[in-house]
Structures are given as structure tokens and as C-alpha cells.
Amino acid sequence: GGRYVVALEGGGESVRVRPGNLSPAVSSSAAAAPESVVAAAERGEEKAVLTWLEGGGRPDATYERGGVSGVTLLMGAAFNGHERVVDLLLQHGAEINLQS
């Protein structure tokens, strides 16, 4: 198997995302996440992420980091260890099984 970009375990579940297994939900048709929301998800700011989601923001919105496009808010939150933001995004419909 390949290396995992994200592996966050807790509550009996794991979130694992391989670089080559991204679904069409993370394609160019996905909505782009505003930088302020990306920063909030990566810093674990639940209230800011929730406000954006309740205002119509898409939980699978994507962004680019380090030359890699198609990064989701879920990936950013999980990579930075913010389990509560991960849970929040999942509760709002973020796709956990992104595969091609």
C-alpha cells in the first residue's frame, strides 16, 4: 500500500486518505473553500467552520496546499489533529470515503 496523507484515529473510527484515491467530489467541479474557512479548519476553529456551513458552505469544498489541489476541509482538519472540526464536517455531510 501507499502512504497515507492523513491518519487520524479516535472513537473507534479512522480517517485515512491516500493521495491517489480522491473521488470526483474532489474534482474541479467541487466548490472552492474560501481561505478564511481553510485557515479556520486547519486551526481547529469550530465556530467559524460551523458558521460557514450553516450559511450554505459545502463540507467537501476543496483548496490547494503545497502544489496539491483537491484538498478537502476534512483532510486539513484531520491532518492538523482537530478531531472536533472533523466530527463537525462529517455531521454536515463531508465524504469520508473519497475514492476514485
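I looked up the contact of α1 with α2 in this predicted model: Val37, Ala40 and Ala41 in α1 meet Ala48, Val49 and Trp52 in α2. Contact means heavy atoms within 4.5 Å. I sorted the residues of this contact and got 6 nonpolar, no polar and no charged. Nonpolar covers Ala, Val, Leu, Ile, Met, Phe, Trp, Tyr, Cys and Pro; charged covers Asp, Glu, Lys and Arg; polar takes the others, Gly among them.

Next I took the geometry. Helix α1 spans residues 35-43 and helix α2 residues 46-54; they pack at an angle of about 135°, with axes 8 Å apart. The axes are lines fitted to C-alpha atoms over the stretch in contact, and angles run from 0 to 180 degrees between N-to-C directions.

Then I went to the whole chain. I found 4 helices and 4 strands, in the order β-β-α-α-β-β-α-α along the sequence. These are DSSP runs, numbered from the N terminus: helices are H or I with at least four residues, strands E with at least two.

Of the 100 residues, 38% count as buried (under 20% relative accessible area, 1.4 Å probe, protein chains only).

Notes on method: residues are numbered from 1 along each chain as its sequence is written. Local features need pLDDT of at least 70 and side-chain atom pairs pLDDT 80 or more, while totals for chains, interfaces and linings use all residues; side-chain values use heavy atoms, without hydrogens and water.

Definitions and conventions
Buried < 20%, exposed > 50% of the residue type's maximum accessible area, 1.4 Å probe, protein only.
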